[in-house]
Amino acid sequence: MTACKGEGFIRRYSSRCSKLDAAFLTVKLQNARSYDRIAGYFSSSILEVAGEALESVNGKVRVVCNAAVEACDVETASAAMNAQHREWCATDPEKRYGANPQRLEKLYNLLKIGRLEVKVIPNDVFGLIHGKAGVITLADGSQTSFLGSVNETYSAWKLNYELMWEDSSPEAVEWVQAEFDYFWHHPKAMPLADFVVEDIKRIAHRKILGGVEDWRKAPEPAEVAVESAVYRRELGLWEHQKAFISQVFHDHKKQGARYVLADQVGLGKTVQLAMSAQLMALYGDKPILILVPKTLMRQWQDEMLTLLGLPSAVWLGKNWQDENGISYPEGDICKCPRRIGIVSQGIITNGRTELKEKLLNQHYECVIVDEAHRARRSNLGEGKEEEKPVSNNLQAFLLAISPNAKSMLLATATPVQMYPIEAWDLLNILSQKDDGVLGNRFSNWRTKRKMALDLVTGKKSMKFTGDNIYQMVEWLRNPLPPAEEDKISFGQLRRELHMQDEKFVASAENFRELMASHRNFDRVKRVLQADFMTQHNPFIRHIVRRTREFLERNGQLPRIEVVLYGESDAEALPLYGYLKQAYELAEEFCQSLGQRVRGGGFIKTMLLKRMGSTMLAGKLTAEKMLQWNEEEPELLIADEEDYEESEFQLILMPTIKESKGMTILPEERQILQNLVKLLSEHIADDPKYENMLSYLTGNGFADLGCIIFSQYFDSINWVAERLSKEPQFAQETIGLYAGSNKSGVYKNGIFRKVSKDDIKQMVRRHEIKILTGTDAASEGLNLQTLGSLINLDLPWNPTRLEQRKGRIQRIGQAHEKVHIYNMRYKGSVEDRVHALLSKRLKEISSMFGQLPDVLEDVWIKVAMDDIEQAKKIIDNIPKKHPFELRYEKQTTEHVDWESCAVVLDDEERRRFLMKGWK
């Protein structure tokens, strides 16, 4: 139907009468000069935008559409790209559109050459873009406009019942163009992400491998990784992660991989190790054993499943439980129902001999150990390097199981806690099967430990003089570095010595024969003169350590600036009046208990720790301690899932349990009663709560989105409930993230139980902007949408601070700066420790990548007024990291997994990994 209107005309179209693509679009776009289109959701609109008709347009095609993201998701360019990444992948485009590769290929080409431009508008700029319209400048220069119910999709133009109205009048064209221009030039409009463009190409060429055997013929890590959740639902892997995984898999395929992964906290050690484990499990037929502290078992299982779709089972002490929560009644630790089994280190350290023996009788594709610094010798100290190590149970077990594993990976952010020999001990564990780590049992790296450490750390030097060449050759030949480390130097030497890649010990006789020639003598001399000891030693070859600062400086991580509050003396909260009196009562009780009870420093100082959190936590702890006189005192053990988080966190140590000192003396009872009375009267006036509230409102932390941490559930639960009753947060949902199924949300003071997974999604969707959490939230939780963090209390285990910070200082962070406020009372234990450590904290942290766990002892010594011993612990920490040289000079090349179009069939992958241990 046609109706005249001015110089233009109106035509009405119905798909009931004719297909809209043939009746309108194909005709109008033929040799058109330009085409501007308002479409719907980008994830569906761009894929089949106008079908093949776009290719007939001679000029530019511009499409504006919207996405289910919010304006605050696109505050920076990187955040905008990340938001599109997630939304695009959430539609499973490889399954939804992979059946039409030719259309995808044409779309990619148009986008790549710039003939087609797409901009995306967040939903909350102008609601959902339901209005569908466009302006076409025809071949003759005239224009027409249209609007209707049609999306730019194959189904809309060819299959669905749709209505459309064409109007070529100048008024209509101008009106539609103005609508298009409003969105196209909107400040929140973002260009289509490069990731989406390249993923269109990848899907267009996508090929699925039938099974694991097909993949094994020419195995590539990218074929397993590129469609895993870490790439599709998250934001992929960083370059340093891909580099480590690639190196591990490369080594495993040959003779086996042996590394200490010592990356700084927050750089994703778990996913690197888990992806490596998956690749090795798929490549070989033997099981994977992962040994972790008991408190991390569930985190490992959850992260492997959510990030990699990786099935696994955890050993519960008497039986196995798989990733679906299904328990297996057969209680044999060697009959794991999955290829990957996770076992608590407690089984090793508590003397369960029968279980250890069973594990030692098994052979493994790989053994992975998290928190590996727990495997230590007891005879540590200056000058003790040459002593035979007195191993703890974990170290002894790892030394014994190492020969049974083709590959072995040890993870710790602090391979050196106090003494460099600790790093040697870790390498010694790796070396039990592999001469490539420290050489054979006769090598200098094994037999002259102190000399080796002095040379590596720079305490001593061995300069080439000519007379000592054969002395230096002993360090060079056993182990001889691999050819890939320096093809000119070591590659040529290996060829001259006829050494295969998997061999690492060259005989002294062969070396002497080699050096009989003047040319080879000069080659060896050049290798030794080139600072061999510091640049090619086993420590930097097998200890992989990257810090955030280094990766940011070299452009391998986006820089996220951290703005700290609460660090200066002036920012410490004053301890005065009733609060000072209460703190003095707590210290008096701890001192009295400490004089009577041997050991158990943690118990003695518990009251001071919780007093430093909230007044409520202090009151509840004092009340619980008053029960110690009862025949069966209620001492609550730390929650296995949430270490340092259970309601009263009173760990009953054997030395305390056996001591008669647990009885509270009358004078101590009076102190506690006075403390409870004082705190009960003033809980509502807690200075930490008031100060926290000031930062949330006056300093804008609430607007940025904030996570508030405490070690204790009762503190953080009280804070969440009270915040939800504040008038300024009446409409806000306050999140509570904790372990043991205690997570949920508060609104107007009313609590509703919500799963941790649901809370994660609510934070991501900005439904929760204030989240409170225990240290259960400090691991395995990504909070890129939050721009600030408040530490209500400071953990006595310093690693926790780094883990908390890592929740917001991570890939995908929407803010270029994150703000962190550390709260402490002036004159408290935290403040006194801060005064002792402040001069060295930055130096220690940057050197080790995190604060060594040994610094936890400093807190206990200060709490017990043993200042001299606390200073001694601090002074014993090395002034310089012994293994930093390699990582100050090495950058990671780009490892392209993202464009990989060949993928292992997901069902086949899971089916293979669900096979149990043989």
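I started at the end of helix H24, where His-498 follows with a positive phi, near 60°. Helices here are DSSP runs of H or I with at least four residues, strands are runs of E with at least two, and both are numbered from the N terminus.

Before going on, I noted that the model is predicted, so local features need pLDDT of at least 70 and side-chain atom pairs count only at pLDDT 80 or more, while totals for chains, interfaces and linings use all residues. Residues are numbered from 1 along each chain as its sequence is written, and side-chain values use heavy atoms, with hydrogens and water left out.

**Helix H24**

I looked up which residues of H24 (487-497) are buried, and the list is Ser-489, Phe-490, Gly-491, Leu-493, Arg-494 and Leu-497. Buried means under 20% relative accessible area, exposed means over 50%, and partly exposed lies in between (1.4 Å probe, protein chains only). What do the buried residues of H24 pack against? I found helices H23 (469-477), H25 (508-514), H26 (518-529) and H27 (532-535). Contact here means heavy atoms within 4.5 Å.

**Strand E12**

Next I went to strand E12 (residues 288-292), where 5 of 5 residues are buried. I checked the side-chain directions: Ile-288, Ile-290 and Val-292 point one way, Leu-289 and Leu-291 the other.

Which strands pair with E12? Strand E16 (340-344) pairs with E12 in the parallel sense over 5 bridges, and strand E17 (364-369) does so, also parallel, over 4 bridges. Two strands count as paired if DSSP finds at least two bridges between them.

**The eight-strand sheet**

I then traced an open sheet of 8 strands with mixed pairing, in the order E20-E27-E26-E21-E25-E22-E23-E24. The twist averages 20° from one strand to the next.

Within this sheet I picked out E26 (788-791) and E27 (817-822), which run parallel and are joined by 4 bridges. Ser-788 has His-819 in E27 as its bridge partner.

I also looked at what lies across the sheet strands, and helix H38 (756-764) lies across E22, E23 (744-747) and E25 (770-773), running at about 140° to E22. Axes are lines fitted to C-alpha atoms, for helices over the stretch in contact, and angles run from 0 to 180 degrees between N-to-C directions.

Ile-734 sits in strand E22 (734-737). Is Ile-734 buried or exposed? Its relative accessible area is 0%, so I put Ile-734 down as buried. Leaving out residues up to four places away in sequence, Ile-734 touches Ala-720, Ser-724, Gly-744, Val-745, Tyr-746, Ile-770 and Thr-772. I also noted Gly-749, 15 residues away in sequence and 9.5 Å away in space, C-alpha to C-alpha.

Ile-560 is in the loop between helix H29 (548-553) and E20. Its relative accessible area is 6%, so Ile-560 is buried. The C-alpha atoms of Ile-560 and Ile-808 are separated by 9.5 Å, though the two are 248 residues apart along the chain.

**Rings**

I got 19 aromatic pairs for the structure. Rings of Phe, Tyr and Trp (its six-membered ring) pair if their centres lie within 6.5 Å; planes under 30 degrees apart count as stacked, over 60 as edge-to-face, and the rest as tilted.

Tyr-565 and Phe-701 have ring centres 5.7 Å apart and planes at 65°, so I logged an edge-to-face pair. This one links distant parts of the chain, with Tyr-565 in E20 and Phe-701 in helix H36 (701-704), 136 residues apart. Both Tyr-565 and Phe-701 are buried.

Tyr-746 and Phe-751 make a tilted pair, 5.1 Å centre to centre with 55° between the planes. Tyr-746 is buried at 6% relative accessibility, whereas Phe-751 is partly exposed at 34%.

I also found Tyr-13, Phe-24, Tyr-35 and Phe-146 linked into a cluster by ring pairs.
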